[in-house]
Amino acid sequence: GCDRVGGVFAPSVGLAMALGSEKTRQILPFASFGVLFGAGAVMSLWLEHSIVPESHAPKVMETHRELASDDGDDDDETAPISTRLWRVVTKPANAIQFALFTFMGASMYITDVYLNLWLQDNGGKPDLMGVALAVTAVTEITVFYYQAQIKAKFGINWLLLLTPFAYAVRQAWYAMLPSFSSPWWVLPAQTLHGLTFALYWSTGNDMVQSIAPRGLTTAMTGLFSGANNVGGL
């Protein structure tokens, strides 16, 4: 829901910032935050939460669970939670994946914080920044909508390899922006947001849930978010 709002709101605010008065440019960003925050709060009233039985887990997660369990089920449920999590995270394959999560977090934060400044340095106006954000919202919605079919076709492991590669292409495109004839050439790179965020976030959560010790799924999801946040430091 929020992405749909962003797909319309972002270019509208960008256009208003580009064409509005100085006072409008000073007030609008703060007013926009309040409107979007309120819209998100209202939409949350229609959210439904339910516990999905483990037996209903997608088959794509079952496949990854089989590949990730190279040492068999050696989880000692009597051990401290920190010990149980540490044993899983430090397995070589999982440790490498968490390192990639940190890399992805760094890429996300760099883009979120500096892209608009980079566009401004290359002649971009607020209307371009709004359209660029709208493109990311549209691609994010599309990939989230089809995520189940995509994961079923390609598998989590291949997609976890694809997303860092897609981010490398995206960042390289940003680096080449000064050599393009117009800052509007940033838009093709924005279409990769569906891969670098929506698909990444979905497959990353599936992966950590598939390797989580019994009863510690939420804790493993927290470690996934933590790895991304460490990348942004």
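Analyst: We will take the labels in turn; note that this is a predicted model.

User: What makes the contact of D206 with K151 a salt bridge?

Analyst: The cut-off is a side-chain nitrogen of Lys or Arg within 4 Å of a carboxyl oxygen of Asp or Glu. In the pair D206 and K151, the closest N and O atoms are 2.6 Å apart. The pair therefore meets the cut-off. The structure holds one salt bridge.

User: Which parts does the pair of D206 and K151 tie together?

Analyst: D206 lies in helix α10 (residues 193-211), and K151 lies in helix α7 (residues 147-154). So the pair links parts 55 residues apart in sequence. Both D206 and K151 are buried.

User: Why is L117 called partly exposed?

Analyst: Buried means under 20% relative accessible area, and exposed means over 50%. L117 has 46%, so it falls in between. L117 is found in helix α5 (residues 92-121). Together with I110, V113 and Y114, L117 forms a nonpolar patch on the surface. Their accessible area is about 390 Å² together.

User: How do you know that the span of helix α8 is close to the expected one?

Analyst: Helix α8 covers residues 156-175, 20 residues in total. At 1.5 Å a residue, 28 Å is expected. From first C-alpha to last, α8 reaches 29 Å.

User: What puts the buried residues of α8 on the same side?

Analyst: The buried residues of α8 include I156, L159, L160, T163 and Y167. The face turned away carries the exposed residues W158, L161, F165 and A175.

Terms used
Residues numbered from 1 in each chain as written. Predicted model: local features only at pLDDT ≥ 70, side-chain atom pairs only at ≥ 80, totals over all residues. Heavy atoms only, no water. Helix = DSSP H or I, 4+ residues; strand = E, 2+ residues; numbered from the N terminus. Expected span 1.5 Å × (residues − 1). Buried < 20%, exposed > 50% of the residue type's maximum accessible area, 1.4 Å probe, protein only. Patch = residues over 30% accessible without salt bridge, like charges linked within 9 Å, V, L, I, M, F, W, Y side chains within 5 Å. Areas by Shrake-Rupley, 256 points an atom, 1.4 Å probe, with all protein chains shown as cover.
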